[in-house]
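Please keep the structure open beside them while you read.

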Amino acid sequence: MSGDSAIIDGHAGDDLSSLAGEWEVDPTHSALEFVARYAVFTLVRGRFTSFSGTVVIVIDPPHPAAAHIDVDIDASSVDTAMAVRDDHLRSEEFFDVERHPKISFRSEGAMVLAAGRYTVSGDLTIRRITQPVRLDVDVFGRAPDVLGNPRLGLKATAKVQRAVWGITWNAPVPGG
């Protein structure tokens, strides 16, 4: 099954009450990944290996703001598969993990785009600077895992500019 396949295909009018509830982020089956532009013409992929959070889904169509997402990230757990770069990202020029060990996201509201698709607005705090961020959320559905425990599948994505959190380090690239 591809990463974009839905476990439950929700259509307008479907009973989605089985998705309701408070869900803990399962770090063994979740990924908090990023892609950043590097040296103008290439991309660097990375992830945070230590995080926790909850997702609360309230099935109340007139009140989508009742759903919320809270996530805390250990900034020192950044991993780009290159130790020298990771140390630089932990330094005061980027995340400054000595003074700002935690990155957090707290949602403020949600808007239904279509069945299983939402926009969640919230605050992302990095280096004790809080800025608004919009997450595009796809809820794939709910199903039991191999042990019979209920699992909820979703994907949330956002695009951010690091400068709004005071992360402005840059180095000249030879040739422009």
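1. Leu-124 belongs to strand β8; strands here are DSSP runs of E with at least two residues, helices are runs of H or I with at least four, and both are numbered from the N terminus.

2. A word on the source is needed before going further. This is a predicted model, in which local features need pLDDT of at least 70 and side-chain atom pairs count only at pLDDT 80 or more, while totals for chains, interfaces and linings use all residues. Residues are numbered from 1 along each chain as its sequence is written, and side-chain values use heavy atoms, with hydrogens and water left out.

3. Which residues does Leu-124 touch, not counting those up to four places away in sequence? They are Ile-103, Ser-104, Phe-105, Ile-129, Thr-130, Gln-131, Val-133, Val-160 and Trp-165, where a contact means heavy atoms within 4.5 Å. Val-71 is 53 residues from Leu-124 along the chain, and the C-alpha atoms of the two are separated by 9.4 Å.

4. Leu-124 is also among the residues that touch the most other members of the largest nonpolar core, which has 29 residues, and Ile-69, Phe-95, Ile-103, Ile-126, Leu-135 and Val-137 are listed with Leu-124. Such a core is a set of buried Ala, Val, Leu, Ile, Met, Phe, Trp, Tyr and Cys residues joined through side-chain atoms within 4.5 Å. Two or more residues of this core come from each of β4 (51-57), β5 (68-74), β7 (102-114), β8 (117-126) and β9 (129-144). In soluble globular proteins, nonpolar side chains tend to be buried together.

5. Some of these strands also pair, which requires that DSSP finds at least two bridges between them. β7 and β8 run antiparallel and are joined by nine bridges, with Ala-110 opposite Val-120 in β8. The two strands form a hairpin with two residues between them, and Gly-116 in the turn has a positive phi of about 80 degrees. β5 and β7 are likewise antiparallel, over five bridges, and Ile-73 has Ile-103 in β7 as its bridge partner.

6. Finally, consider the whole protein chain, which has one helix and 10 strands in the order β-β-β-β-β-β-α-β-β-β-β. Of its 176 residues, 31% count as buried.

Definitions and conventions. Buried means under 20% relative accessible area, exposed over 50%, partly exposed in between (1.4 Å probe, protein chains only).
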